[in-house]
Amino acid sequence: MGLLDDLKQQAASVETDSAEQRRVYLANMGLIDSAMRAVLAYFYELANQLKVVKPASPHTYRVWGVGEFTQMNMTLAAANSRNKSLEGGEHPDYVEFIVEWQGREPLRTVCSSQSAAKHLKEQMWQYGCKLEEKIQAAPDGKFIRSAMTIAPLVPTRFRFDAVYDSGKIRLNIRNLANLGEDQHLLDAAQCTPALCEELAKAMLGKPHHLADLLA
């Protein structure tokens, strides 16, 4: 086989691979689009029902070394999404469901270490919690202590991000049954109303099989 024939064969192979990759990409796009829309529909309806029922949270949200929030009531439930333009159409970019739980009293603490104060602030920011800080400093500006007040408001969030290039959906779970975040990379087939149902059950303290669906 001559050089030209060899190059033609390589070019044909590249074109075949590219065509197959595009076929897989478009197929995954359709699956992700359908799954994301089903997720949004479920959480939109769930938010509407929760706004009427206004349940209390069955969970204790503990800020280690500071205290804990208990007997929290729901003050907000909302589902929202954003689309992005792909392949000449609008497809879901992300779907987000948020519930806010309101407690009775804020948590207060004093940090005598600047690094401890920074760590607590970063933790609360990561969990979506709000705090106020008052820093006491010496006349020369040296840090003495930080007094922090953490607002009694805890958001539970489920966020589904479409990752079209890899054909996956990234699920971020924040403050489901305690303060913390988990992240899972799922196939479109895993992102179903059944998964949404188990997330909702776990949030409301009902028996669930969430771990099995996320395994």
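Me: A salt bridge is a side-chain nitrogen of Lys or Arg within 4 Å of a carboxyl oxygen of Asp or Glu. Which residues are linked in a network of salt bridges?

Reply: The network links Glu96, Arg157, Arg159, Asp161, Arg174 and Glu181. The structure holds 11 salt bridges. This is a predicted model, in which local features need pLDDT of at least 70 and side-chain atom pairs count only at pLDDT 80 or more, while totals for chains, interfaces and linings use all residues. Residues are numbered from 1 along each chain as its sequence is written, and side-chain values use heavy atoms, with hydrogens and water left out.

Me: Why is the pairing of Arg157 with Glu181 called a salt bridge?

Reply: The closest N and O atoms of Arg157 and Glu181 are 3.8 Å apart. The limit is 4 Å, so the pair counts. Glu181 also forms a salt bridge with Arg174, with the closest N and O atoms 2.9 Å apart. Side chains of opposite charge can pair when their charged atoms come close.

Me: Where in the chain are Arg157 and Glu181?

Reply: Arg157 is in strand β8 (residues 153-163) and Glu181 is in strand β10 (residues 181-187). The two residues are 24 residues apart, and the pair links distant parts of the chain. Strands (E, at least two residues) and helices (H or I, at least four) are DSSP runs, numbered from the N terminus.

Me: What makes Arg157 buried or exposed?

Reply: Buried means under 20% relative accessible area, exposed over 50%, and partly exposed in between (1.4 Å probe, protein chains only). Arg157 has a value of 16%, so Arg157 is buried. Arg174, at 15%, therefore counts as buried too. Glu181 is at 29%, so Glu181 counts as partly exposed.

Me: How do you know that Arg82 and Asp93 meet in a salt bridge?

Reply: Their side chains come to 2.7 Å, N to O, which is within the limit and therefore qualifies. Arg82 lies in strand β3 (residues 73-86) and Asp93 in strand β4 (residues 89-102), 11 residues apart. Arg82 has a relative accessible area of 46%, so Arg82 is partly exposed. Asp93 has 13%, so Asp93 is buried.

Me: How do you know that β3 and β4 pair?

Reply: Two strands pair if DSSP finds at least two bridges between them. Here 13 bridges join β3 to β4, which run antiparallel. Ala77 stands opposite Val99 in β4. The two strands form a hairpin with 2 residues between them, and Glu87 in the turn has a positive phi of about 50 degrees.

Me: Which strands are the edge strands of the open sheet of 3 strands?

Reply: The order in this sheet is β5-β7-β6, with antiparallel pairing. The edge strands are β5 (107-111) and β6 (131-137), since each pairs on one side only. From one strand to the next the twist averages 15 degrees. Between β6 and strand β7 (residues 143-150) there are 7 bridges, and Ile135 stands opposite Ser146 in β7.

Me: What packs on the sheet?

Reply: Helix α2 (residues 114-126) does, touching β5, β6 and β7. Contact means heavy atoms within 4.5 Å. The direction of α2 makes about 25 degrees with that of β7. For such angles, axes are lines fitted to C-alpha atoms, for helices over the stretch in contact, and angles run from 0 to 180 degrees between N-to-C directions.

Me: How do you know that the length of α2 agrees with the span it should have?

Reply: The expected span of a helix is 1.5 Å times one less than its number of residues. For the 13 residues of α2 this gives 18 Å, and the end C-alpha atoms are 18 Å apart, so the values agree.

Me: Which residues of α2 are buried?

Reply: Ala117, Leu120 and Met124 are buried in α2. They cover an arc of only 65 degrees around the axis, which puts them on the same side of α2. The arc is that of the directions from the helix axis to the C-beta atoms. On the other side, Gln114, Ser115 and Trp125 are exposed. The buried residues of α2 pack against β1 (61-63), β5, β6 and β7.
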